[in-house]
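Reader: I am new to this structure. Please take one part and walk me through it closely.

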Amino acid sequence: MTRSNAKSRIEQAIDDNFGAIRQISRIVRFSLFTHARFLSAILVAVIASAAMFTGVLAVMNRRPPVAIAAIAAPLRTRPEAAPKGDRLPPPAIVQAAPVAKVLESQADGSTEKFAYRQVKIGATRQVPARVSAGHAAAFAQRFPPASSDPFQSILTEKSAKTVTKAMPVALASLGEERILVRGTPINVSTAKVQPAPAVEQVVALPAQGIDIGSLLAAANMTDEDRAALQSALTASSSASPERIELLLEKAPRKDAPERLLMARLFRHDSPPSDLARDDGGVLRRVSNPRQFERLAHEAHIASTDVASTDTRRDDRAQAAEKEFPAAMQQLEKLNVPAHMAGQILQLAKENGIKLTDAALLDQSVELVFRTNEQGESEPVAVTFNMKDKTKRFYHYRAAPGNKAEFFDEDGQSASKTLMKNPVPNGRLGDGFAWRTHPILKVRKHHNGVDYAAPFGSPILAAGDGEVVLISSESGYGKYVRIKHDGGFFTTYSHISRTPPSLKVGQRVSQGQVIAYIGSTGLSTGPHLYYELRIGDKYYDPTATPLPAGTDLEGARLTDFRKQISHVENIENYIGARIATAFAPPDDGRVHTAIH
């Protein structure tokens, strides 16, 4: 073939191809050999997906299906880490319990420890402060409140540039001896939450003229701790402290003495000072207050175990349950003993304060009461906050032989009202009205009321007062007259006799026996003629409510005002404890320990 023929054929082929393009197709059947590369890519994708799914389930602490785990097993390049355990449960947050343990001197010279509580029922609106601005300022200066968040100071450290940064909980427990350096490697692991030590906080508020040593005798300390504290107080050149707070480690047995951990002294002319015991047993001053505040927080949590075991119920409690069911129920839910709740509600009723269900929506009752170590409780102060005014009463014993009663802020009795019937089980006869005299047969006004009773039955003083007359007249027969603190008089006539010990000028208390039923004078039989006179007018003693307690005067009034100041100090102390009772600082986070 010549070169020219070959060239012509090539040109002819090019012309043919560009002139008419022809499709060429071929069918390739499936086989492992022909599709090996494609199948390998799919298998790798499936295994990778299974491995990823297994990792997700491991994080969720769930076991993957056996088939998926078997596929993913060959891909693991290192041993599987142990599944992450559950977080430690957050410590229980204890509600702020308004409890304060106070050492107090008694009237007989002894000392005793009381647990004070403060409760409130009714409306939750804010009420005006009871303490004057001047008194509040003086108290704040003399008794500065603790830090509002002592844990904030415990769990923070300050650099030289005064930049504050948070510290882990466990690091704070190391104290100031260990200095943290940024970048220092440490081994952090989880640890169980350690229970707080059983710490008790007791406060002593020495009154003027009271020996501090005798007051501290009521604290359940060891003799060595008491002597060390007394030595520290004696060695101080400053004035005697006006408040002493003790932190005591509770003993395993109730009858065993407690160990003194720290003491904080408050003086009006200087900041509070802390004392801690060194290795030699000597109490020395501590400059860092954080340790005291931490232990005080633990003591606050432990103080919630104080409870009253007083289960007495009397007629007043039963009457209050029927008349004021809502108020009674609220007080008992706050662990106020039933007999005390009835006493408070009766006090409100006698002073014209309504505590019905509807009234409690707009007014409130604040009660401070105390419980001794035998579990017996008694009220201390009660405040009735009404829409337009506030009434406050204090429970006070006017004399060692008298029963404690409520007084208002001016020292006037508020818990005793004049008795309508001074003859127990006496039967009411002629009342306060016009009548025809049974002996004189003339129409005249009966200025009192008659109570019939068997001859010789006791007659009681209708209220506190002074015996001003023991005499006899033709109409009255033998009689006793009492002048009460409110300036009114009661007369008890037709009596047979008086107790030999009763004398003119003697002070008597409500319910005290002053005479016995007789039938002297113009009388038709054994009975009492009971008369009430205010100024020059006579009133019906069965329908005239009058305060019949003791109005404090002179030295008693001065002592009562000291008691008011003491109660206000305790209320401020309770308020300070509530303000510093906050939740534990970890808020449910895992505690860390340093190795």
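Author: The accessible surface of the protein chain comes to about 34900 Å². Carbon and sulfur atoms hold 54% of that surface. Keep in mind that this is a predicted model. The chain has 595 residues, and 38% of them count as buried. It contains 13 helices and 27 strands. Among contacts with a separation of 6 or more, 62% join residues 24 or more positions apart.

Now the close look. Start at F407. F407 sits in strand β14, which covers residues 405-408. F407 is buried because its relative accessibility is 0%, and buried means under 20%. What does F407 contact beyond its neighbours within four places in sequence? The list runs R392, F393, Y394, Y396, A398, Q412, S413, A414, T550, L552 and F560. Take T550 from that list. F407 and T550 are 143 residues apart in sequence. In space, their C-alpha atoms are 8.7 Å apart.

Next, D450. D450 belongs to strand β18, residues 448-452. Is D450 buried or exposed? D450 is buried, because its relative accessible area is 10% and the cut-off is under 20%. Leave out residues up to four places away in sequence, and D450 touches R427, L428, G429, D430, R435, H527, L528 and Y529.

To recap: F407 is a buried residue of strand β14, and D450 is a buried residue of strand β18.

Technical notes
Residues are numbered from 1 along each chain as its sequence is written. This is a predicted model: local features need pLDDT of at least 70, side-chain atom pairs count only at pLDDT 80 or more; totals for chains, interfaces and linings use all residues. Side-chain values use heavy atoms; hydrogens and water are left out. Helices (H or I, at least four residues) and strands (E, at least two) are DSSP runs, numbered from the N terminus. Buried means under 20% relative accessible area, exposed over 50%, partly exposed in between (1.4 Å probe, protein chains only). Contact means heavy atoms within 4.5 Å. Accessible areas come from the Shrake-Rupley method with a 1.4 Å probe; for residues, only the protein chains shown count as cover.
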